[in-house]
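Open the model in your viewer and keep the selection tool at hand.

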Amino acid sequence: MTAEILLIDEDAAERRSMKAAIEAHGHAVHVADTSPAGLELFRRQSEQIGVVVLDVTSADGPNPSVIPMLAEINPSVPVIVCTTEGATETALNAVRAGAFDFLVKPIAQERLIGAIESALKIHRTSLQGRAPRRARSGSVSFSDVVAASAAMSRVVELGRRAAQSMIPVMLEGEAGVGKELVARAIHASSDRSSRPFVSVNCNAITPGQIEDVLFGSEAQMGKVAEAEGGTLFIEEISELPPVGQMRLLEIVQSGEVHRSGHVKPLKANVRLVLATNKDLIEEVKAGRFREDLYYRVNVFPITIAALRRRKEDIPHLIRAFVERFSLEQRLPRTLPVESSALALLTSFDWPGNTRQLENAIFRAVVLAEGASLKESDFPQIAAQVTSHRSATVGSEAQAVVYEPSPIAKVQAALAERAAGLVGGQSAPSTGFQGSASGNVIVSTDEAGNVRKLAEIEEELIRFALKFYRGQMSQVARKLGIGRSTLYRKLKDYGIDPDDPQKDAA
């Protein structure tokens with residue numbers, strides 16, 4: 001099926017090469033030689049364009065900030081980014097910004113076309129209105145926030161408290177950790193839940209436009225006015241220009257907003273929830289953020305940890321995303337996730353955080369050809385997970401074999417058992433495949449209550465000692481504790497390091 005592709009690349013030779021390859025497969029190609037030109041073209045024709053292929057490297061250096069600008073115009077269009085070999089950080093930033101896929105130059109024609117065809121399938125699904133990849137726009141509550149980890153449980157607790165007041169809330173954390181979801185939950189749990197929730201991303205608007213977009217002008221109402229009586233969620237507040245910071249300070253201090261072209265200010269009855277992925281106090285020290293505004297808006301900070309810091313949440317997020325996308329794809333049943341795929345996803349560090357995980361699951365569900373999700377349905381993730389070479393017995397040939405870390409195996413097994421057991425008895429299928437094994441740590445007792453943390457910690461230490469055959473340095477390193485701490489815990493729990501299944505005398 002013919003589609004329209006937007007190609008943004010400063011390199012004329014690369015443009016010609018990729019344009020020819022894409023057109024040879026029957027697609028129409030629009031080209032732009034700079035990011036501003038590409039954004040303008042996309043703004044005019046975003047309804048017709050199915051995929052954007054974007055070179056994020058330029059003469060001025062990497063510029064992944066173009067991705068959220070494209071998403072602001074039309075979030076349903078997938079963006080494939082191109083980077084130069086070795087530009088790992090650029091690729092990671094692109095993923096964090098919401099890129100669907102990334103290609104490393106020089107790009108093989110098969111790889112380019114394969115990425116475009118997969119992206120087109122995703123785009124067609126989005127057009128059918130069945131699988132939005134971005135943050136859900138409907139009403140959400142704190143029950144929609146996965147909080148299996150202590151870190152996210154704390155976020156939910158603080159969010160509930162914040163919802164009961166009118167003070168500004170500052171959500172801190174890396175891109176993609178779920179700041180908008182928490183902001184929506186705060187709004188939905190507040191007295192303003194029946195009023196508008198309006199969001200604006202300072203990183204997705206040019207500095208010259210942000211004042212009118214946020215505060216309004218003669219030509220447009222402005223986000224502050226749109227949020228009247230409700231909640232105004234400002235993302236990437238650190239990117240707000242100095243003049244915008246001054247006008248936001250006026251709103252916080254006086255409850256009034258000045259619009260361009262108007263002499264008389266308007267009342268601004270909005271509750272502010274702000275978000276940043278930067279350390280604002282460092283921005284203040286560097287003179288990029290007003291100190292007086294910082295102390296006005298940083299009244300109730302809530303820090304959301306990166307996904308790699310709360311891996312207990314990953315299996316639960318996977319299950320939630322698979323169930324949601326299976327339903328939106330109108331599949332006859334929720335796709336099961338094979339245990340090897342679950343271990344792979346749990347072991348990955350997810351530099352793009354929850355947003356990247358959500359996109360990976362969405363992609364896998366839409367493109368899945370089998371009756372379950374396997375490792376092979378996550379090729380990009382498998383390629384980034386540390387692999388090791390093992391010699392094939394009786395042969396000089398070597399094969400690259402993926403081996404999840406022991407902790408990932410434990411987490412995967414724990415998730416399977418927690419999902420499949422209630423009070424020690426089998427429960428209906430939860431979408432995960434895999435049988436229980438002797439290396440499973442059960443999270444509930446016979447009465448169905450969550451077990452004490454000390455009991456689970458003791459079992460995990462015993463498992464690690466057995467798995468690493470009593471190599472204390474490796475056990476301590478893999479558990480993320482010091483050797484002295486490990487020895488103390490062995491003594492506390494009465495564990496014999498030479499025989500972890502036997503209690504010490």
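Select helix H6, residues 150–163, where Arg161 and Glu157 sit 4 residues apart, about one turn of the helix. Helices (H or I, at least four residues) and strands (E, at least two) are DSSP runs, numbered from the N terminus. Show the two side chains: Arg161 and Glu157 meet in a salt bridge at 2.5 Å, N to O. A salt bridge here is a side-chain nitrogen of Lys or Arg within 4 Å of a carboxyl oxygen of Asp or Glu. This is a predicted model, in which local features need pLDDT of at least 70 and side-chain atom pairs count only at pLDDT 80 or more, while totals for chains, interfaces and linings use all residues. Residues are numbered from 1 along each chain as its sequence is written, and side-chain values use heavy atoms, leaving out hydrogens and water.

Next, go to helix H20, residues 483–493, where Asp492 and Arg488 are also 4 residues apart. Their side chains form a salt bridge of 3.5 Å, N to O. Asp492 is exposed, at 53% relative accessible area, whereas Arg488 is partly exposed at 45% (buried is under 20%, exposed over 50%, partly exposed in between, with a 1.4 Å probe and protein chains only).

Now select Lys105 and Asp55. Are they buried or exposed? Both are buried, and their side chains meet in a salt bridge of 3.0 Å, N to O. Lys105 lies in strand S5 and Asp55 in strand S3 (residues 49–55), so this pair ties together parts that are 50 residues apart in sequence.

To finish, colour every salt bridge: the count comes to 24.
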